[in-house]
Amino acid sequence: MQTIESSKVKEKIYIEKLENGLTVAVIPKKEICKKYVIWGTEFGSIDNNFKLTKTDQIVKVPDGIAHYLEHKLFEQENGKNSLDVLSSLGVDANAYTTNNHTAYLFEATDNFYEALDEFMDYVQSPYFTDENVEKERGIIGQEIMMYDDYPDWKLYMNAMKCMYKDNPINIDVAGTKETIAQIDKEKLYTIYNAFYRPDNQVLVLCGDFEVDNILEEVKKRLKPNHNKQEVQRIYPKEQEEIVEKYKEAKMDISKPLFLIAYKDKVETGEMVKKDLAIECICNMLIGKSSNLYQKLYKEGLISEEFGYNYEFSKTYAHILIQNTSNNPQKVAEEISKEIENYNQTGFNNEEFERIKKKIYGEYVKSYNDISSISNNFLSDYFKEINSFEFLEEILVLDKDYVEKVFKEVFVEDRKVISVVLPNE
Amino acid sequence: MLVDSFEIKSGIKAHLIQNDIFKTNIACVLLTTPLKRETVTQNALLPFLLRSGTKNLKTQLEINKKLEEMYGASFDCGIDKMGDNQVLKFYIESINDNFVGEKDEMLKQTTNFILEIVFNTLIENGQFNEDILNIEKQNLRQVIESKIDDKDIYAFENCINSMYGDKGFGLYKYGFTEDISKISAKSLADSYIELINNCKIDIFISGDLKNIDIKGILENNENIKKLIARKPNYILNNESTESKQKVENIQEKREILDVAQGKLVIGLDILSKQKDIGIVALVYNAILGDGVNSMLFQNVREKASLAYSTKSKYVKQKANIFIRCGIEVDNYQKALDIIKEQLDNIKNGNFTEEDISNAKCYLISGIKAIEEEQDSEIVFYIGNEISNINMTLKQYIDVIQNITKEEIIEFANLLEYNTIYFLSNK
């Protein structure tokens, strides 16, 4: 068994790879009654093209199928829906799909082992019929339309389309009404058998557990899957350049929203360090104590904090900077100018140290409850990152490295702007 | 759990919540005052000014740097509507001393910071800074106008406004754009003093309080010492404040916007003068539309595939239940029929003991989780405080357990439609 530990947040994670290939991570938390379990599969909306290695058959699946499968997995052969069953046990169950993984989860204060029975059973027992697949189409159709009314979502998707030509991150996780119309039970079984293999999954349990006991409880509940298929994912080779510099959309909103994004090269290796460096840069460039933020705020060009984020996986990487403004072009220009300035002057030492302190505190906060500890571990696991490294690396991050990343990543010709404007 | 709750001065209360399972401390100050058409906008503007500078931290820049120094403590403020009250809310979360290198007295720093922001604002010569005021007026204007950006909330707010009009609960908590220009640097400073001297003040501190003299920190704080005792002016929120008549005509409202999905909101009145319907209302609401086993989720979503999101919410302070769902515009009537059928089913007793036990189980597990969620715990005690209820979590659970089917049916028959609101695209 492998263990990883952080003296900073005083947490320890036990990681065991079981015989069937499933990775199980246990995070013991003494004296807490809540227990949290999340089961992730490395299969998301970008995995829409793959080869079944046994037959060499190349499969292309409709957009939105990973998410459709997530909805349908709750359906059971006995006619029950596991979400209802879990809810009757008083546990809070849910599931979600992202670009690169799908996860099923629940949180319980009582009835934990009964819930674990149901939970592990349904994730391992797909039951798709023409009828139950059809029934979901209307529900997911409404979920897609709900997102269509979110200006932030439109903004984000347009930025992806500006940056990526072939990488399927430019498609909507839930697909469209047209693509989900092509989903049927056969396709759902194909992807289930191809990707819901134990060796492509990780199960994280956090709560007041004895490690060996809970591992035994998990093993007892494992089921064989005789239909599983080996696959090879096929990702298109994405060009380094962006596709287009600018996209705008119009909606019934009060003020323009904008998103400035920088397409980055996909790298392996120092991802934690790089992620932290970008977080520092964004803080010093546009954070609430930055000169530029103060200036834009006083001029009334922005009225709230910038949102910023470095999104990356094994196939894509980009920085996102978001805000609202009556003059997005002007704000974008000011940011570019400030980038040029900092390229000349470098960052201020005192500021850098203060921002590191801030980021350290934010990482500590992100370990505040059992669900965030588990979710952090899961999403980092699929990026092949040890979550605790962030807490160690931030303290020793050096300014020269940050400035090097800054020069490499914030490059004008890899910048795109997405804007959502109010309807006239 | 709440370990102590005491009056520092008349109308100013401190609530101490001990918890050692979190890595953070939270300090939260609430200023509660009646929601009124005349004062809603100026009160809504105040947090924007208070977060912009204090006598010791003169600028937003100084405030932000201070927060960064405190290991990125997160500070936020905003406006809440609780029944007929407007609540100005100030909130800070910081990591506690166990996770910083040296002993930084983080809890003391955190508490003093929030008190400095709220009670030591930068008013000079009887007025706020003119330049800052002008920027923040723009910002408030933007917040009010941005109501339309989230169509779900927009539809919900407009349904409430149709029911209550421009008073109390019917008001939008951020106020009115047309009132902004009337506010001056002097008048707003006067409003601030008026508010601070008369509102109900609650200070919540949650974290690992063992070995820390938090009472001493509060009582010795200069900004607290300055505050005067008051008979707090606010509207006690509990069921008995609302006594309703059946509306003569059910309002049907339709509004057109460029939306992909229609947003349906139904406002129901609870016609009862009884005081203790709160818990049966919660159980009823869970059966109707809270959670995946609820009738709305099962019938509107799972059986008819009409919606992704469909739910109901009980608003205790105003004796209302609101049903909300996002549907295809053309399915309006179909959805409405199914919803009405569910309401009738409960009225007529067409639901099972299993429905009841599912609902109770759902509510109880939510209540049990409260003590292990730092935010929810504060929200729970705030609710109790504003309603002057002293029930513990355990007592809530006991009362829920004892609700019977007859009580639920009786409650269902107290419900009447008030407004059916639809945000549509045609």
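Which residues does B:Lys58 touch, not counting residues up to four places away in sequence? Select B:Lys58 and look around: the contacts are B:Gly53 and B:Leu122. Keep in mind throughout that this is a predicted model.

While you're there, trace the backbone either way. B:Lys58 sits in the loop between helix H1 (40-50) and helix H2 (60-69) of chain B.

Next stop: helix H13 of chain B, residues 353-370. Its 18 residues span 26 Å from first C-alpha to last, close to the 26 Å expected at 1.5 Å a residue. Show the side chains and pick out the buried ones, among them B:Asp355, B:Lys360, B:Tyr362 and B:Leu363. What covers the buried residues of H13(B)? Colour by chain and you'll see cover from both: helix H2 (82-88) and strand S7 (92-97) of chain A are included, as are helix H10 (278-289) and helix H15 (393-401) of chain B.

That brings us to where the chains meet. Select the contact residues: 48 come from chain B and 49 from chain A. On the chain B side, H2, helix H4 (130-145), strand S9 (307-315), strand S10 (320-327) and H13 each supply at least two residues. H13(B) gives the most to that side, with seven residues. Colour the chain B side by residue class and it divides into 21 nonpolar, 15 polar and 12 charged.

The contact takes 37 residues from domain 1 of chain A and 30 residues from domain 2 of chain A. Which element gives the most to the domain 1 side? Click on H5(A), which contributes nine residues. Other elements supplying at least two residues each include strand S1 (2-6), strand S4 (35-41) and strand S9 (201-207) of chain A. By class, the domain 1 side of this contact holds 21 nonpolar, eight polar and eight charged residues.

Technical notes:
Residues numbered from 1 in each chain as written. Chains lettered and ligands numbered in written order. Predicted model: local features only at pLDDT ≥ 70, side-chain atom pairs only at ≥ 80, totals over all residues. Contact = placed C-beta atoms within 7 Å. Helix = DSSP H or I, 4+ residues; strand = E, 2+ residues; numbered from the N terminus. Nonpolar A, V, L, I, M, F, W, Y, C, P; charged D, E, K, R; others polar. Expected span 1.5 Å × (residues − 1). Buried ≥ 20, exposed ≤ 12 C-beta atoms within 10 Å, placed from the backbone.
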